[in-house]
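I set down what I looked up, entry by entry.

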Amino acid sequence: MFSLPRLPRQVVLILLLQFTNSLGVSALVPMMSFFIVEGLNAEPWQIGLYTGLVMPLTLAVNRWAGERLDNNVPVKRLLVISVLAYVILSALLTQITSLLMLLVLIAPLMSLSNMGAGVVFTFGRLYAEQQEMDVARVNSWLRMMVSLAWMIGPAISFSIVAKFGFVSAFLSAFGIGVVYLVLWHVVVPAGFRSTRERRQTAGRQPINWGLQIAGLTCLGFVITNSLFVSAMPLFFVRETGLPGATPGLSLSVKCLVEVFVIFGSVRLAERIGTRQVLMLAACLAAISMVLFAQVTALWQALAIAILEGTYYGLFAGVAISFVQSYAVDRPGRATAVYMNSLFLGGMIGSVSMGFIASVTSFQTVLYTAAFSAAAALFVLVATFKVQPKTVEDSV
């Protein structure tokens with residue numbers, strides 16, 4: 001069904017590299033706020049100090065890495081920075097005893113670790129181009145690896161914390177980091193880099209408005225998802241009175257559907273167009289958020305989760321190819337824009353959720369999530385004539 005065994009060996013290894021990277025990140029990132037409050041005995045508001053430091057550093061590092069890749073810096077040389085940062089930070093976390101240590105030592109390393117996914121995405125695209133493979137399909141497979149890892153990593157990490165404590169969870173993350181380091185050494189050829197010649201321009205380069213619009217569209221989708229994921233547990237249990245298992249069951253259904261839809265998204269895009277797939281995803285996102293706000297029974301939540309998984313699978317399957325299509329001569333920068341939209345959207349959604357829920361209700365957060373999806377749809381429709389450039393147009 002998944003057809004992965006028929007892929008070339010190197011592609012399978014790149015997919016495994018992305019899976020391991022995402023598994024490691026997903027084992028730590030969701031747990032950090034819990035560790036700050038429960039492990040370091042800090043106040044909940046102090047989570048914002050850590051997030052407020054990691055996020056801008058991550059955005060800057062992603063952009064820096066994208067520029068280096070577009071300037072023909074070897075992938076292996078850049079990726080090892082992320083790999084070593086992850087290995088070191090997971091080891092250091094076993095010794096962290098104060099919030100200050102976390103901010104000074106861990107936050108910078110976490111930002112460097114976060115750039116790994118974008119580097120591997122660019123690596124996969126460059127390899128697909130050089131081997132004359134279907135780039136959109138390779139992108140969708142890479143994105144599916146991220147989804148699979150995030151289905152596994154947080155659950156395992158929190159389970160280990162519950163049974164054995166934070167140190168054991170961090171040691172497990174360190175073990176993933178060692179595997180990540182071995183795969184980096186085996187999978188990435190020493191001299192592999194972009195082979196495309198960069199055009200020479202005098203002075204400052206003009207703004208690529210198409211790329212910015214594509215990134216803005218992704219931002220709308222990610223804010224929708226972040227708002228919902230942040231508010232969903234409390235909305236289902238506290239405001240709606242559903243069983244405590246509802247959030248977990250809903251998320252499991254969503255993730256399962258998402259993985260299957262990612263595969264089909266590329267075929268659908270080939271038939272109706274990538275932008276049209278994103279427009280469909282935006283419509284489904286807005287509808288699912290509004291329907292979630294009306295839920296009164298467990299079966300309703302699980303049924304709508306299928307719709308949610310469909311919209312997010314469509315988005316996840318084609319979004320990175322959509323963004324990259326607006327900078328075919330600069331895949332590193334395009335991938336950085338895509339990754340930064342994920343990080344920035346996640347931060348905006350999680351932070352604003354608290355403010356919205358405090359002033360109104362968690363149900364209002366879901367309506368806001370629907371509005372964000374509608375905004376993404378508006379951008380897609382309003383910029384319909386802004387089409388990607390071909391490689392020939394960009395050189």
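**Entry 1: helix 6 and helix 13**

I looked up the contact between two helices and found that Ala-117, Gly-118, Phe-121, Thr-122, Arg-125 and Leu-126 of helix 6 meet Pro-331, Gly-332, Thr-335, Tyr-338 and Met-339 of helix 13. Contact here means heavy atoms within 4.5 Å. Helices (H or I, at least four residues) are DSSP runs, numbered from the N terminus. I sorted this contact by class and noted 6 nonpolar, 4 polar and 1 charged residues. Ala, Val, Leu, Ile, Met, Phe, Trp, Tyr, Cys and Pro count as nonpolar, Asp, Glu, Lys and Arg as charged, and the others, Gly among them, as polar.

I record that the model is predicted: local features need pLDDT of at least 70, side-chain atom pairs count only at pLDDT 80 or more, and totals for chains, interfaces and linings use all residues. Residues are numbered from 1 along each chain as its sequence is written, and side-chain values use heavy atoms, with hydrogens and water left out.

Two packed helices are described by the angle between their axes and the distance between the axes. The axes of helix 6 (residues 116-130) and helix 13 (residues 331-359) come within 9 Å and cross at roughly 140°. Helix 6 is therefore oblique to helix 13. Axes are lines fitted to C-alpha atoms, for helices over the stretch in contact, and angles run from 0 to 180 degrees between N-to-C directions. Angles under 35 degrees count as roughly parallel, over 145 as roughly antiparallel, 65 to 115 as roughly perpendicular and the rest as oblique.

**Entry 2: helix 6 and helix 7**

I then asked at what angle helix 6 and helix 7 cross. The axes of helix 6 and helix 7 (residues 135-164) cross at roughly 155° and come within 9 Å, and the two helices are therefore roughly antiparallel to each other. On the side of helix 6, the residues in contact include Val-120, Phe-121 and Gly-124; on the side of helix 7, they include Val-135, Val-138 and Asn-139. By class, I noted 7 nonpolar, 2 polar and 3 charged residues in this contact.

**Entry 3: helix 14**

I checked the length of helix 14 (residues 362-382): at 1.5 Å a residue, its 21 residues should span 30 Å, and the end C-alpha atoms are 30 Å apart, which agrees. The expected span is 1.5 Å times one less than the number of residues.
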